[in-house]
Amino acid sequence: MVRAVDHVSFGLDEGETLGLVGESGSGKTTTCLSIVGLLPRGARIVGGSVRFEGEELTRKSQRELRRIRGRRIAVILQDPMASLNPLFTIFRQVAEPAFFHQQLRGRTLRARVQHLLRAVRIPSPEWRMRDYPHQMSGGMRQRIVGAIALAGGPRLVIADEPTTNLDVTIQAQYLDLLKDIQRETGVALIFVTHNLGIVARMCDRVAVMYAGSVVEQAPVRELFNTPRHPYTRALLGAVPKLGSKDPLYAIAGQPPNLASLPTGCAFHPRCPEALPRCASETPVEVRAGHGSAARCWLVSNGLARP
Amino acid sequence: MASPVLELRGLRKHFPVGARLLGGRSAVVKAVDGVDFAIQPGETLGLIGESGCGKTTTSKLILLQEVPTAGTIAFDGRDIATLAGAELMAYRRAVQVVFQDPFSSLSPRMRVGEIIAEPLEIHTRLGAAAIRARVDAVLELVGLAPDVASLFPHEFSGGQRQRIAIARALVTDTRLIVLDEPVSALDVSVRAQIINQLEHLQRSLGVSYLFIGHDLATVAHISHRIAVMYLGKIVETAESEALCARPMHPYTRALFAAALPSHPDDPPAERTIAGEVPSALALPSGCRFHPRCPLAMPVCSEVEPALRLRDGNGAVACHLY
């Protein structure tokens, strides 16, 4: 058994953006799929709870979840070409949630689709909605996926690395668009990313994941100003800053294999500040004000650098 | 100043596309359309631009994977189109490449030692023991233990594979390495290791880099000079610090505006440019950037601006200056 995700706790309010940060294999995507009950065959939630607008999601049947997914919780994935069906028109794909969840038909449905496409800045939607995905650019496709996500009027959008395949100027446009939509609709966003720049630009709160656990979470400014977990510090130091030639802070090694996690704290083999107990005992979560928390023995022992 | 290792002059590469079967006109994609730059010994030139701007075609021209439509590439002052035989082999030895994806650039059926030794077997007459010693030496240079030579690529993580690719690029007497997005596929903490390693190798070996990338902060960090490319042309070039301090071309400024902040309190970007890169099949008239340019003037759609010296150093191709 692989424990892909362990010790993950976070919450977010309406209109808030949570950044879920981590490297590949840290459990970001598994966490998101657990929320919406889309874990692959063979994977299951063995403990814990997911509460959404007061309802417990982990005990719901797939049938009940289907009424929530696409309507109240929407997901935007990394590769828009994989989320769009190449054989159906844009209209058909954007219309689907409104057709099933809101029972819209005919002219009302067409108007709704055009409205959604306009909301994601697709030019001349009445024409473009007859196109197929391959006729669109990468940035446009990702905006179409955004339109599908918004179609059901969701309260929570989970965006899993939505801009990774986009060019920088197109990425900036997309991030601006998500911000605008959030301001207009008050939707809550979970932004999954490995890019701390996106977190700095988009998020109110951050949860940093390493080897399946949330090792630190805090409001975004607090995390950037006073990171408490050595892994968070390493991540912040590893990113080049524009206009600075200072050597990057590189931690040795690579993220561990989830099938054979190190004992104790999973980060201890790479940690420059590891204590003897880090190798044997799993650190407990230490909470501080403003909903910030860290899972590190240095923090527990009051040894963490400020 | 020392003479450049590599110098591109008026380099063009046009690809005809579309069949002429029914008498229709065939179109031409001007992937690289008049590019000039030089790379000095021990220098890193960053080449930055969005997808489709011609970065990769430029690297293919340098690596002799494509033949230029016009213009020259000079290596140590000699046009590489005139090289043949032993001299051509010497060029191929001196100029190496590291690709973005270390999962597809290393043969899964070859052991690491064989992968790194292959250039030596092609280019030198070294004996097995000498090759082995050279492989061990470059593995050590890139921070890997010599005993990994007997393993296969699948036994390594992305960062380690990229080290293997760098070792292969260094094993001949390499003068210039084309680094085509070498860290884009790597995790953040591993990226820093590779960038530091590349910088360290350059300091100790004096090798030159052409660093191709789209992430401004990374390119600016590793490069001494930066050339900004848009639709087959270089629109601005300057020393890295000067470019970061004062980007002049509106496209460069748009790239800076689109760059992500390194702290939540960083001042917000001035504004994001609208629109997308136009198709290379239907290039805009005049300045190629004018349809997206927030500062476009009437002249911009008529006359193509030439590269002119910019303040301090470098050059910029824009009617504003």
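**Close-ups of a predicted two-chain model**

**Helix α1 (residues 55–62) of chain B lies across β1, β2 and β4 of chain B, and its direction makes about 65 degrees with that of β2(B).** Helices (H or I, at least four residues) and strands (E, at least two) are DSSP runs, numbered from the N terminus. Angles run from 0 to 180 degrees between N-to-C directions, with axes as lines fitted to C-alpha atoms, for helices over the stretch in contact. Two residues are "in contact" if their C-beta atoms, placed from the backbone, lie within 7 Å. Keep in mind that this is a predicted model: local features need pLDDT of at least 70 and side-chain atom pairs count only at pLDDT 80 or more, while totals for chains, interfaces and linings use all residues. As for labels, residues are numbered from 1 along each chain as its sequence is written, and chains are lettered from A and ligands numbered from 1 in the order in which they are written.

**Here is the open sheet of 4 strands in chain B, in the order β2-β1-β4-β5.** Its pairing is antiparallel, and two strands pair if DSSP finds at least two bridges between them. At the edges sit β2 (27–39) and β5 (78–79) of chain B, each pairing on one side only. Strand β1(B) is tied to β2(B) by 10 bridges, with the two running antiparallel. To spot one of the pairs, look for B:F15, whose bridge partner in β2(B) is B:V29. Strand β1 (residues 6–17) of chain B also runs antiparallel to β4 (residues 70–75) of chain B, with 5 bridges between them. There, B:R12 stands opposite B:A70 in β4(B).

**Helices α3 (residues 112–123) and α5 (residues 158–170) of chain B have axes that come within 7 Å and cross at roughly 30 degrees.** Angles under 35 degrees count as roughly parallel, over 145 as roughly antiparallel, 65 to 115 as roughly perpendicular and the rest as oblique. So α3(B) and α5(B) are roughly parallel to each other. Ala, Val, Leu, Ile, Met, Phe, Trp, Tyr, Cys and Pro count as nonpolar, Asp, Glu, Lys and Arg as charged, and the others, Gly among them, as polar.

**Over in chain A, helices α4 (residues 90–101) and α7 (residues 138–151) have axes that come within 7 Å and cross at roughly 20 degrees.** That angle makes α4(A) roughly parallel to α7(A). The crossing of α4(A) with α7(A) is right-handed. From α4(A), A:I90, A:Q93, A:V94, A:P97 and A:A98 meet A:I144, A:A147, A:I148 and A:A151 of α7(A). The residues of this contact divide into 8 nonpolar, 1 polar and no charged.

**Chain A has an open sheet of 8 strands, with the order β4-β5-β6-β1-β7-β8-β10-β9 and mixed pairing.** Strands β4 (73–76) and β9 (285–287) of chain A stand at the edges with a single partner strand each, so one side of each has no neighbour in the sheet. On average, neighbouring strands of this sheet are turned by 20 degrees against each other, direction ignored. Strand β9(A) runs antiparallel to β10 (residues 293–295) of chain A, and 3 bridges join them. In this pair, A:V286 has A:A294 in β10(A) as its bridge partner. Helix α7(A) packs on the sheet as well, touching β4 and β5 (156–160) of chain A, and its direction makes about 170 degrees with that of β4(A).

**Where the chains meet, 37 residues of chain A are in contact with 35 residues of chain B.** On the chain A side, α8 (168–185), α9 (196–202), α10 (220–225) and α11 (230–238) each supply at least two residues. Helix α8(A) gives the largest share of that side, 7 residues. By class, the chain A side has 19 nonpolar, 11 polar and 7 charged residues.

Methods
Left-handed = near helix turned anticlockwise from the far one by under 90°.
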